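Student: Could you walk me through this one, question by question? I'd like the cut-offs along the way.

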Amino acid sequence: MIARHALGVVAWAALLLAAGCADSRRVEGLGPPQCDACHGLPPATGAHLTHVGGSALGPPYGCETCHVVPTVPHHADGVVRVTFGPAATHGGATKPAWDGARCAGTYCHGATLRDGSNTTPAWTGGAAEATCGSCHGIPPGEPHVAATSCAGCHPGYTAAAVIPALHVNGQIDAETTCGACHGVPPPTGAHLVHATPSSPASKVYGSLHVLEDVTPAGAPNYDFGCGNCHPVDPAQHYAHVGPVGVADVFLDPAGAPSTSLRGRNLPGARYDPASRTCSGVFCHSSGRELGVVTSQEYQPTPPWDGPPGALGCASCHANPPRYASGGAGAADANSHLVLADDGWESGHFLGMPGPWHTSKHGGNWSAEDDAAPITCQTCHAETVDPAAAGPSGFYWLDTTGHYQLPGGDPGRIGTVWYDQLECTACHDGVTAPVGSGKVLPLRHVNGRRDVTFDPRTAVSAISWLPAAPSTPTRPYWVTNAAPGVLIPDPAIPDAVMDGTTLSVHLGSAAYDPATKTCTSVACHLGQTAVRWGAPHGWAACGQCHPF
């Protein structure tokens, strides 16, 4: 038995020598002890030492990355067997290959990346086979952002150096702070129109906030959270789950709270990269409540990279809103502009005593009569921009509205009364000034219909106010008034008679959104409570004043 064993040892040694296994250097901790009996651990040939010992571009890799690690020395037959392991097949690199001289299709050499200059390195080519730019472009191609400063997302990296332990490790190690790759927000397209945060550092990707959520005091510009247009999950942002070359814009309401702007979008709301427009988004709709707003009220947006100033007061909702009222306090209630019970226009515009009575604004009754304008500022004082006033510097001016409704009594068509419903009947830039109004972002496009009455209690000195002793002292007034109630009246504390002019302010006015009820609105005189959307016309006469 001893002789037989000795012969086996001699034969085995001869086989090892014949196989060229003479290098017995060893890296501690790698492989079973018998591995270094034939070759170094790792072998000194080719790029073994670079892979197993680590390099300036990546961490050390074990033998199992490219081989099935043997447990007995039966592999010493002169055949090099390469069987790629998980590190080489990671991230979708499903077809790695070895042709005896080069690797191809491996994760670790850029098979899943773009624009690498050498993704099939030669095993014996030396250090030049793998440098920055060999596996991916600098920067990597789309969908990676086109940022040339690696350190913005990968601290410690440069265009020529990496942190080996965090490179080619099967995961994306990047900072999650907004602004690492692009501006907050990016300066491209209409980003800055939609979001100009007062504190960019506090921006959180995926947020569904609006301006009032982050800046309650208001700001000059909108600040919509990224999640209103992009994935709410930051992991999807980094993964660039959209088509290559197309921004990841996700507008479908699925998964978003119904109270958010995105949650009010139409199912299937989308961004069209060809026209660069959005469709089905609530922020470009009439703004009516869910359940009553129709798909026809969602307007297509201007092109994302189109010229500024494309939107006006009538671009998303009519100016003023003109949908048929569903009744007093209903979800679809409307008193902006409606047809009264006799088929003539009524609503909150022009000026007292109201369009249905024929407003005195602009001298519609006679040259001796006049009235203050009733504008969006009257009931939406926190939404309009007071700087968009006319020459008076006091009254907000928007002459772009349309106040003639289809249908109704055909007998009114062509009358002076009907023609004078339109602001442009007088406001032509010569007879009277023109203006296009402007809003403030704090209470605009926030998912609600905010009512804030004009808080001003006195009117400024304006050259065209009625002469003394009937010069009004309050913002809303009508000359030669016969209010039908005795003023002053304790029930109407905001109304006074200035000579023959009825002057009122809205300091006591309040609005309850739950019931859509206005109270103590001096314009309504004796009608101390009125519900939005209540029918108007002959049947309603006598509620504000007696006959």
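Student: How many bridges pair strand S8 with S9, and in which sense?
Tutor: Strands here are DSSP runs of E, at least two residues long, and helices are runs of H or I with at least four residues, all numbered from the N terminus. Two strands pair if DSSP finds at least two bridges between them. S8 covers residues 495–498, and its pairing with S9 is antiparallel, over 4 bridges.

Student: Before we go on, what kind of model is this, and which pLDDT limits apply?
Tutor: It's a predicted model, where local features need pLDDT of at least 70 and side-chain atom pairs count only at pLDDT 80 or more, while totals for chains, interfaces and linings use all residues. Residues are numbered from 1 along each chain as its sequence is written, and side-chain values use heavy atoms, with hydrogens and water left out.

Student: Which residue of S9 stands opposite Ala 495?
Tutor: S8 and S9 make a hairpin with 2 residues between them, and Gly 499 in that turn has a positive phi of about 65°. Going along the pairing, Val 496 has Ser 503 as its bridge partner in S9. For Ala 495, the residue opposite in S9 is Val 504.

Student: What is the strand order of the sheet that holds S9?
Tutor: On the other pairing, strand S7 (residues 476–478) joins S9 over 3 antiparallel bridges, with Trp 477 opposite Ser 503. The sheet is open, has 3 strands and pairs antiparallel, in the order S7-S9-S8. S7 and S8 are its edge strands, each pairing on one side only. Sheet order, once again: S7-S9-S8.

Student: What is the order of the S10, S11 and S12 sheet?
Tutor: S11 (residues 517–519) and S12 run antiparallel, joined by 3 bridges, and Cys 518 sits opposite Val 530 in S12. This open sheet of 3 strands pairs antiparallel in the order S10-S11-S12.

Student: Why does Ser 359 count as buried?
Tutor: Ser 359 is in the loop between strand S6 (345–347) and helix H6 (376–379). Contact means heavy atoms within 4.5 Å, and leaving aside neighbours within four places in sequence, Ser 359 has contacts including Leu 350, Met 352 and Trp 365. It counts as buried because its relative accessibility is 1%.

Student: How far apart are the C-alpha atoms of Lys 438 and Pro 386?
Tutor: Lys 438 lies in the loop between helix H7 (416–419) and S7. Beyond its neighbours within four places in sequence, Lys 438 is in contact with Val 384, Asp 385, Ala 388 and Trp 396. Pro 386 is 52 residues away along the chain, yet the C-alpha separation is 8.1 Å.

Student: How much space lies in the largest cavity?
Tutor: On a 1 Å grid over the protein atoms alone, a cavity is a set of points where a 1.4 Å probe fits but cannot get out, and lining residues have an atom within 4 Å of a point. The count is 5 cavities of 30 Å³ or more. Residues lining the largest cavity include His 51, Phe 84 and Trp 123. The space in that largest cavity is about 60 Å³.

Note on methods: 1 Å grid on protein atoms, 1.4 Å probe; cavity = no way out; pocket = protein on both sides within 12 Å on 5 of 7 lines; lining within 4 Å. Points joined across faces, edges and corners; volume = space filled by probe spheres on them. Buried < 20%, exposed > 50% of the residue type's maximum accessible area, 1.4 Å probe, protein only.
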